[in-house]
Amino acid sequence: MCGIVATIGSREAAPLLLQGLQRLEYRGYDSAGLATVTPGQLHCCKAEGKLVHLREKLEKTPVSGCCGIGHTRWATHGKPDARNAHPQLDEAGSVAVVQNGIIENHRHLRQHLEQRGVHFGSDTDTEVIPHLVAQALADLRGTVSPTDLLRLAVAQAVQQLEGAYALAVIWLDQPEELVAVRYRAPLLVGLGEGQFFCASDTPALAGVASSIVSLEDGEMARLTPLGVELFDQSGQRTQRTPHPLRGDDYTTDKRQFRHFMLKEIHEQADVAAAWVERCLALPAEDSLTTVLQDVQRVQLLACGTSRHAALVGAHLFEQLAGIPSSVHYASEFRYAPPPLLPRTLTIGVTQSGETADTLAALTIEMERHRALEPDVPLRLLGITNRSDSSLGRLVPHILDIRAGVEIGVAATKTFLGQMLAFYAIALHLASQRHGASAQVTACRQALAQLPEQLSQVLHAMDRRCADLAHGFAETRDVIYLGRGINYPIALEGALKLKEISYIHAEGYPAGEMKHGPIALLDQHVPVVSIAMPGPVFEKVLSNAQEAKARDAHLIGIGPVCADTEIFDVVLPIPPVHELVSPLLTVVPMQLLAYHVAAHRGLDVDQPRNLAKSVTVE
Ligand code: M6R
C-alpha cells in the first residue's frame with residue numbers, strides 16, 4: 001500500500017523519483033507527489049490520480065535538486081486528492097515527509113499539536129510527522145551538532161508514533177541529507193554509483209542500485225551524497241552487508257501483451273514447468289522436511305486470492321494426505337484464533353509477503369506455537385512469491401513460489417504458483433503417510449502433463465474468452481459455481497471478475513444454489529459452472545440444469561462431453577485427474593475476467609480502489 005522512493009547523490013532527483021514511482025505504482029495509484037530540496041528552497045509538487053498527472057504537472061513546473069522524496073498513494077485517511085497526497089509538510093514548508101503505513105495515534109497527536117497552535121492542511125494521519133519533526137528540530141537546535149540534528153529530530157518524532165510505518169524525510173536547512181525509518185512496513189536502502197536510494201519495494205531500485213539493504217524494524221538510515229549510515233532504535237550505528245541486486249529479476253516489461261495481467265496469465269505454463277520438477281523433488285528441500293515432520297493437522301491463514309489457494313491446499317491435505325485442515329481469513333483469525341492443538345502446522349499464504357492481516361495472524365501463532373510446544377522447531381511455514389519480504393523475515397520456513405514479478409494488481413500466476421506449492425506439500429505429506437498410493441501416483445502423473453496442457457488451454461481459450469466477453473457488455477451480476485476442489489476456483493473466478501470489471505459476482509458451491517442464491521437467476525444473469533469429471537460430476541450437471549430452468553445463460557468449464565447440451569457455451573478443458581483440475585479450470589476464469597474488463601475499456605492492471613500489497617489492517 002503506497003510506495004515510497006527517495007534519492008540523494010549527484011543526479012537530479014525528480015526523474016529518478018518518477019521512474020521509481022512508476023515501478024511502484026502497483027502499490028497505490030490514487031494520487032502522487034514528490035519534493036526536492038536545494039540550498040534555500042524546498043520544492044513540492046502533488047497531483048490527484050495516477051502518476052501521469054504528476055508527470056504532466058512537473059513538465060509545466062519542473063523542480064530541481066539532487067535530494068528528494070516521492071510517494072504514490074492508496075488513501076487510508078482523507079480523500080485521494082492533491083491536498084492529502086504526500087509529501088506532507090510542516091507549517092513553514094521546510095520539512096517534507098512521505099509515509100507508507102498507518103499512524104494509529106494520529107488523532108491524539110493532532111489534538112496535542114493543535115493545542116500548541118499548529119494548523120493542519122490535510123486530513124492525513126501522516127501530517128502529524130512533519131509537525132513533530134519541526135518541533136523537535138526547534139527543541140534540539142543549538143544542543144546537538146548540525147549533522148546530527150535532522151536524524152535526532154526524526155528519532156524524537158518517531159518515538160511518539162504508534163502504528164506501522166515506513167517514512168522518509170527531507171529538510172530545507174540540510175539539502176544534502178535525507179533520513180528514513182522503518183517500523184513494521186517495508187523499506188529498503190539501495191546503493192548505486194554516486195547515488196543512494198530508499199524504496200518500499202525492490203522494483204523501484206532495479207537498474208539504479210547495484211545492491212540493497214533491507215532495514216529492520218526501528219532502524220533508521222541517514223543518506224548523504226557520500227553514502228549511507230544505519231542506526232538502531234537506540235541511536236547506535238549498525239553495519240550490514242548489502243545484497244547484490246540483479247536488475248533483470250525485476251524487469252517490468254509487457255512484451256507483446258496489451259496488459260501485464262494478460263502477460264502474467266500466459267506466463268503460467270512456465271511457472272508450472274518450473275514447479276512440476278519441484279513438486280516431484282520437494283522432500284529434498286531440507287528445511288521443509290523438518291517443518292512437515294509429525295504434522296497432524298494444518299491451519300492456513302490468508303486473504304483474498306491467497307485464501308482461495310489455501311482452500312485448494314486444505315482440500316488436498318485432507319483428501320490426499322488425510323490431514324484435517326482449516327482455512328481462516330487472516331483478518332478474522334487475528335481477533336479470534338481457535339484453540340491451538342499440538343502438532344498443528346500453521347501456513348501463512350501471501351504472494352506479496354506484506355499483507356498486514358496475514359503477518360499479524362502469523363505473529364500471534366508464532367507466540368502460541370512457542371508456548372504450546374517449546375521444545376520442537378516452530379511449525380510455521382510461509383508460502384510467498386517474495387522471500388525477501390516481511391514474511392520472509394517473520395517465519396522460520398519459507399516456500400518461495402518463484403513465479404517472477406507480478407505487476408497486475410489482480411493476482412494470476414502467483415495464484416497458480418501458490419496452488420502448485422500446495423500440491424508439492426500435499427504429495428510429500430501423502431507419500432510420507434501412505435507411501436505411493438494410487439491417488440498420489442495418479443496426481444504425480446497428471447502434474448507431469450500440466451505445463452503442456454496449460455499451454456494448450458491458454459492458447460485455445462484466449463480467443464474464445466475474448467469473443468465471449470462481448471456478451472458481457474450490459475451484464476451486472478454473474479454467478480460462479482464449483483464443487484469440491486473446484487469450489488475455490490469458483491470463488492476465485494468471481495473475485496477476478498469483481499476486481500477488474502466491477503461487475504458484481506459471487507461464487508458458490510453448486511449444491512448451495514437451491515438454498516437461496518437461485519432466487520437471483522434470470523436471463524440477465526450468466527452462470528459459470530465448473531464441471532470436471534469426478535465423484536460430483538453428475539451433481540454439478542444437475543445443479544447446472546436447475547440454473548438453466550431459470551433461464552440463466554450457462555457457461556460450462558469442463559471437458560467436451562455428451563452433456564454439453566446443458567450449457568450454452570463450453571470452455572473446454574482437457575480430461576485430467578479431478579484433484580489436479582483446478583490448475584487448468586482457473587485459466588478460463590482469469591481470461592474471461594480479463595477480456596470482460598478490457599472490452600469495457602477499464603484499467604485492467606490498476607483497478608480502482610485496489611493495491612497490490614495491502615500493508616494496512
Ligand atoms: O499479497 P497477498 O497474497 O497477501 O494479498 C492478499 C489479497 O490482498 C490479494 O490476493 C487480493 O485479493 C488480490 N487483489 C487478488 O487479485
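Arg-184 is found in the loop between β8 (178-183) and β9 (188-191). Its phi is near 60°, a positive value in a residue other than glycine. The model is predicted. The domain assignment of the chain gives three parts: domain 1 (3-240), domain 2 (252-448) and domain 3 (456-617).

**Backbone features**

- Arg-184 has a phi near 60°, and this positive value falls in a residue other than glycine.
- Pro-87 also sits in a loop, the one between β4 (67-73) and β5 (88-89).
- The peptide bond from His-86 to Pro-87 is cis. Omega for that bond is near 0°.

**Domain 1 against domain 2**

- The centres of domain 1 and domain 2, taken over C-alpha atoms, are separated by 35 Å.
- Domain 1 gives 10 residues to the contact, and domain 2 gives seven residues.
- The size of an interface is often given as the accessible area lost when the parts come together.
- Between domain 1 and domain 2, the buried area is about 710 Å². Carbon and sulfur atoms give 45% of that area.
- Which three residues supply more than any other three of the area that domain 1 buries against domain 2? They are Tyr-26, Arg-182 and Pro-186, with 41%.

**The shell around the ligand**

**Polar contacts and burial of the ligand**

- How far is a polar backbone atom of Thr-305 from an oxygen atom of the ligand? The distance is 3.0 Å.
- Gln-351 places a backbone N or O atom 2.8 Å from an oxygen atom of the ligand.
- Lys-496 uses its side chain instead: a polar atom there lies 3.1 Å from an oxygen atom of the ligand.
- Taken alone, the ligand exposes 410 Å². The protein buries 92% of that.

Technical notes
Residues numbered from 1 in each chain as written. Predicted model: local features only at pLDDT ≥ 70, side-chain atom pairs only at ≥ 80, totals over all residues. Heavy atoms only, no water. Polar contact = N/O pair within 3.5 Å; in protein donor to acceptor, adjacent residues only side chain to side chain. Areas by Shrake-Rupley, 256 points an atom, 1.4 Å probe, with all protein chains shown as cover. Domains from an automatic or database assignment. Contact = heavy atoms within 4.5 Å. Buried area = accessible area lost by both parts, 1.4 Å probe. Helix = DSSP H or I, 4+ residues; strand = E, 2+ residues; numbered from the N terminus.
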